[in-house]
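Dear colleague,

Please find below the structure that I am handing over to you. My findings follow directly after it.

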Amino acid sequence: MSSHPSLVILTGAGISAESGLATFRGAEGLWEGHRVQDVATPEGFEHNPGLVHRFYNQRRAALSAVQPNAGHEALVRLEKSWPVEFLLITQNVDDLHERAGSRKLRHMHGELLRTLCIACGESSPWQGGMGPDSFCPQCMKKGKLRPDIVWFGEMPYFMDEIFAALNRCDIFIAVGTSGHVYPAAGFVRTANARGARTIEVNLADTAASESFDERRTGPVTQVLPALVNELLPRRIWSRFSD
């Protein structure tokens, strides 16, 4: 094994919630008062594209009211200081990691600030509202755009790259994830099979907590910066020396 450990981090809704960004899932499985089937499935979009566009337009507009927090900033500091392989995977569709400065980042569930054309298959940056009459920036066809979001029943992005990184990693950290949503909920088992050190950072125990070697419980904005301070000193690397 290398004298410097490779690192994979997974973030979920818990890190964005501390910036004041509401998570989609609410009471009785509703997303902001809507059934998941209506706003987060291909079938829902086909049935009522106007509703789906309004839902995501509201989510997109909400991003302007929030800012990255100390948890996002701690991960940027870790990325910039880590001397070897580093990958940040997020289940979140907001842009808070990017605004904080993260660069080695993969959005496995897509991005609110991108659009996907169902005619040409191209993904494009997108600001502002989107609707059934919007034109694709790539092929210029009208009425073929959808949010570039991975909906229920669809395959998350970057899975080959993610599992390759998990199968090489020496440290795996999950931050603010519920442990319920697959395939992300299973990443810790892949890391465990590799023999990685696994750490969970969350406000409370989750459905996956028992699978982790270590748990750091409390507000992400406090617990994660403290963990980063532990990881950055070179003394931790000696644990992974041959």
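The count of aromatic pairs comes to six, where rings of Phe, Tyr and Trp (its six-membered ring) pair if their centres lie within 6.5 Å; planes under 30 degrees apart count as stacked, over 60 as edge-to-face and the rest as tilted. The rings of Phe45 and Trp151 are a tilted pair, because their centres are 5.6 Å apart and their planes stand at 40°. This pair links distant parts of the chain, 106 residues apart: Phe45 is in helix H3 (residues 42-47), and Trp151 is in the loop between strand E6 (145-149) and helix H7 (159-166). Helices (H or I, at least four residues) and strands (E, at least two) are DSSP runs, numbered from the N terminus. Phe45 counts as buried at 12% relative accessibility, and Trp151 counts as buried at 3%. Here, buried means under 20% relative accessible area, exposed over 50%, and partly exposed in between (1.4 Å probe, protein chains only).

The rings of Phe172 and Phe212 are stacked, because their centres are 6.3 Å apart and their planes are at 15°. Phe172 belongs to strand E7 (residues 171-175) and Phe212 to the loop between strand E8 (197-202) and strand E9 (214-217), so the pair ties together parts 40 residues apart in sequence. Phe172 is buried, with a relative accessible area of 1%, and Phe212 is buried with 9%.

Ring pairs also link Phe45, Phe55, Tyr56 and Trp151 into a cluster. Arg59 lies over the face of Phe55, 4.7 Å from the ring centre. The charged end of Arg106 sits over the ring of Phe158, at 5.3 Å from its centre. A charge sits over a ring if NZ of Lys or CZ of Arg is within 6 Å of the ring centre and within 35 degrees of the ring normal.

Please note that this is a predicted model, in which local features need pLDDT of at least 70 and side-chain atom pairs count only at pLDDT 80 or more, while totals for chains, interfaces and linings use all residues. Residues are numbered from 1 along each chain as its sequence is written, and side-chain values use heavy atoms, with hydrogens and water left out.

How many disulfides (pairs of cysteine sulfur atoms within 2.5 Å) does the structure hold? The structure holds zero disulfides. The sulfur of Cys117 is 3.7 Å from the closest cysteine sulfur, in Cys120, which is too far for a bond. Cys117 counts as buried at 2% relative accessibility, whereas Cys120 counts as partly exposed at 32%.

Key. Disulfide = S-S within 2.5 Å.
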